[in-house]
Amino acid sequence: MFPSRRWLLPSALVSALDPEAQREGGRRPRRTVRDWIVDFTCFLIAVFIGLLSIDSIESADLSPGLQVADQLIGALACGAVWLRRRWPLGLAVALLPVSYVSVTAGGASLIALFTLAVHRPFRYVAWVAGIDFVAQPLYYWLRPEPGLPYIAAVLFTWVLIAAVAGWGMFVRSKRQLLLSLRDQARRAETEARLRAEQAQRLAREAIAREMHDVLAHRLTLLSVHAGALEFRPDAPREEIARAAGVIRESAHEALQDLREIIGVLRAGENEDAGRPQPTLAALDALVAESREAGMKVVLEHRVTDPAAVPASVGRTAYRIVQEGLTNARKHAPGTEVTVNVSGGPGEGLTVAVRNPRPEEEVPHVPGAGQGLIGLTERATLTGGTLEHGPTHDGGFEVRARLPWA
């Protein structure tokens, strides 16, 4: 809220708009400057209406004692106006019969009805105003207004009661509208913050998937060739030199990819920033790289129009093949991996990476299975599906079906 302008608002509205303004222990908030001005004005109005009613008392055939009692009750009713914020319903109900006993208490009764309409729902106002409406004809029948016809007096009082109650309900509706606008603004701020947090989370997940897909392939090459050098120190010099070259090249590519991903994090660029993202056309280079690393890879490429494959679908297919080759290199080294890519416009794109059961026992390679989870998410985001699991001959297969409109 605005502390410098809080005095311009009612205390009840300040308390609703700013919960921190509420006092501890459930105590009511203190009156603002506006509250003091309004309460004093209401008190003066009640006194003014009471003074105007003194003429009707003097013109009526009442004893001096009853006239003094009427004015004393009216003065107490005007003083009770200062309690209208604390007990709006109780004060309105209490002053309703008092206004029929004391003419000078009529102004205080109207102020109490107005306060009830401002602070309580319509059903309470309807009951109090309805009783007042019904009782007015009987009141003027028993106590006619001097110088004013019976029908005119009743109609004038009805219009006055309806105007006071309507004015109070109008003020209440304005306050409720202000509170609803404030709630909508708070909800909009909360939703905007949640959307921003969700966007950040999705961006982090996308970057994490990209880091896994890119770096896992490079680091697996490093691990395989480093392991070969470790277990075969007596290998021919040419083979050692070739393995060292692959390690050097893979390390260089891994560092380059890592720099680009870190650049995206720092600069806030999108996924397409930096080096062009791989597509279906880069499968040949990926397979050739794996063959140079010593893998046996058979590529079956039967795509009707490779150039027409959507970029997102082609990138997903590339990542599926890349992850499949990485997993085959880790868990089934030395086996022949078959990569099958087929499909066309309208029928979709099918990607399958399959490897047989390794001939020898393979040492356990640590991993959390996040790669296959990330591939499933990638395929789902493009509108496709991905399945993976062991084959009947003990091997392993990753198969995806991607849409191609």
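## Helices and how they are defined

Helices here are DSSP runs of H or I with at least four residues, and strands are runs of E with at least two, both numbered from the N terminus. Buried means under 20% relative accessible area, exposed means over 50%, and partly exposed lies in between (1.4 Å probe, protein chains only).

Please keep in mind that this is a predicted model, in which local features need pLDDT of at least 70 and side-chain atom pairs count only at pLDDT 80 or more, while totals for chains, interfaces and linings use all residues. Residues are numbered from 1 along each chain as its sequence is written, and side-chain values use heavy atoms, with hydrogens and water left out.

The unreviewed UniProt entry gives "transmembrane region" for residues 33–54, 66–83, 89–117, 124–142 and 148–170. UniProt positions follow the numbering used here, feature names are shortened, and annotations may be inferred rather than shown by experiment. In the model, residues 33–54 are 95% helix and 0% strand, with end C-alpha atoms 32 Å apart. Residues 124–142 are 100% helix and 0% strand, and their end C-alpha atoms lie 27 Å apart.

The unreviewed entry also lists residues 171–202 as "coiled-coil region". That span is 100% helix and 0% strand in the model, and 46 Å separates its end C-alpha atoms.

## Buried residues in the helical part

Gly74 sits in helix H4 (residues 64–80) and is buried, with a relative accessible area of 3%. The C-alpha atom of Gly74 is 4.7 Å from that of Thr104, 30 residues away along the chain.

Two cysteines are buried as well: Cys42 at 8% relative accessibility and Cys78 at 6%. A search of the whole structure for disulfides (cysteine sulfur atoms within 2.5 Å) finds zero.

## Salt bridges

The structure holds five salt bridges, each being a side-chain nitrogen of Lys or Arg within 4 Å of a carboxyl oxygen of Asp or Glu. One of them joins Arg85 to Asp39, with the closest N and O atoms 3.0 Å apart. This pair links distant parts of the chain, 46 residues apart: Arg85 is in the loop between H4 and helix H5 (88–101), and Asp39 is in helix H2 (residues 33–52). Both Arg85 and Asp39 are buried, and together with Arg84 they are linked in a network of salt bridges.

Glu397 and Arg354 also meet in a salt bridge, at 3.1 Å from N to O. Here strand E5 (residues 396–402), which holds Glu397, is linked to strand E3 (residues 348–355), which holds Arg354, across 43 residues. Glu397 is buried at 18% relative accessibility, whereas Arg354 is partly exposed at 32%. Arg399 forms a salt bridge with Glu397 too, its closest N and O atoms being 2.9 Å apart, and Arg399 is partly exposed at 26%.
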